[in-house]
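Trainee: Could you walk me through this model, one feature at a time?

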Amino acid sequence: MKKYAVITMDVEDWYHTYFPRDDVEKSVTLLDGLDVALNIMDRKNIKGSFFVVGEIAGKLSDKLKVMDLNGHDIAFHNWQHIRPVDISTRDYKEQLQHGRQILESILGHAVSGYRAPSFGIDDERFAAVKELFQYDSSMIKPQRSAKYGQVHLKGFTEVFPTIYKDNGFTEFEVSTQSIAGLNLLLGGGYIRMLPWMFMKWMTKKYLETGKPYVMYIHPIDLSAKPIPRVKGIGFGRYLRTHIGRKTMARKFMKVIRMLEDEGYEFVTFEQLRKMDLSNG
Ligand SMILES: [Zn+2]
């Protein structure tokens, strides 16, 4: 079986973490973390899938166009960073259509992919995604946190480990490793927060299976700037978004090296969805 790795980033700013609050200082941006990721990936000639929050797509339009031309896959991450399950299905569908159109007018071609903020989606809203996009990456093994939703993929076939298809539509599961009954994410805050030795052990355990590896990160994880404090947000939560950011770029490179050592090929979801995976 061929081994595929997909580096994915949810392109959202620091304040999207505190959605749906409007009283945060939106003039401060931590999107420099996107450049940190792109620089590291460029050095290795790695292309990734980037899920962009619609409301910041306009100000990132020049960058998105360049990324697109360079072979990165630009996908959609909702108009605002609000969990789909917190919006009516009708409004949600309108937002999907609107956001997709904005991204498509920036890029000048169709946009195929989608990921739900906080993986907060259910079957009803997932049906709207299926109607409007070609692939989705909102599926994750059950999590302890109540903010995550669940998609049941009725009618889908697992054509490759963690990749599911229903007619022309593809679902890419985000990688998790089961440890002591918990499905720990192999990306995002986990790489940042967990001690590297533990993360390395857990990642190695996963990579030994040869299953597609989907890394999930955010600009805030890699930004060199301090995170503004938000009134009413407790210190514990602040710490969770802050801890380990200084060493995150180095850990990101270490994971890339592990993937290379294990013989993984870096692809985007857009490339992967078009491949014939039936022969392994
Ligand atoms: Zn997000």
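Predicted model: local features only at pLDDT ≥ 70, side-chain atom pairs only at ≥ 80, totals over all residues.

Trainee: Which residues are the protein donors of the zinc ion?

Mentor: Donors are N, O and S atoms within 2.8 Å of the metal (3.2 Å for Na, K and Ca); water is not among the atoms, so sites may look incomplete. Here they are Glu 12 through OE, and His 77 and His 81 through NE2, at 2.0 to 2.1 Å from the zinc ion. Their spacing in sequence is E-x64-H-x3-H. Glu 12 sits in the loop between strand S1 (4-11) and helix H1 (32-43), and His 77 in the loop between strand S3 (73-76) and helix H3 (89-107), so the pair ties together parts 65 residues apart in sequence. Helices (H or I, at least four residues) and strands (E, at least two) are DSSP runs, numbered from the N terminus.

Trainee: Is Glu 12 buried or exposed?

Mentor: Buried means under 20% relative accessible area, exposed over 50%, and partly exposed in between (1.4 Å probe, protein chains only). Glu 12 is buried at 7%, and His 77 is buried at 0%.

Trainee: Which residues of H1 are buried?

Mentor: An α-helix has 3.6 residues a turn, so residues three or four places apart point the same way. In H1 the buried ones are Asp 32, Gly 33, Leu 34, Ala 37, Leu 38, Ile 40 and Met 41. Their cover includes S1, strand S2 (49-52), helix H2 (61-69) and H9. Just after H1, Asn 45 has a positive phi of about 55°.

Trainee: Which residues touch the most other members of the largest nonpolar core?

Mentor: A nonpolar core is a set of buried Ala, Val, Leu, Ile, Met, Phe, Trp, Tyr and Cys residues joined through side-chain atoms within 4.5 Å. In the largest, with 73 residues, they are Tyr 213 and Phe 252. Helix H9 (residues 245-261) gives the most to this core, six residues. Apart from it lies another core of 18 residues, including Tyr 135 and Phe 269.

Technical notes:
Residues numbered from 1 in each chain as written. Heavy atoms only, no water. Contact = heavy atoms within 4.5 Å.
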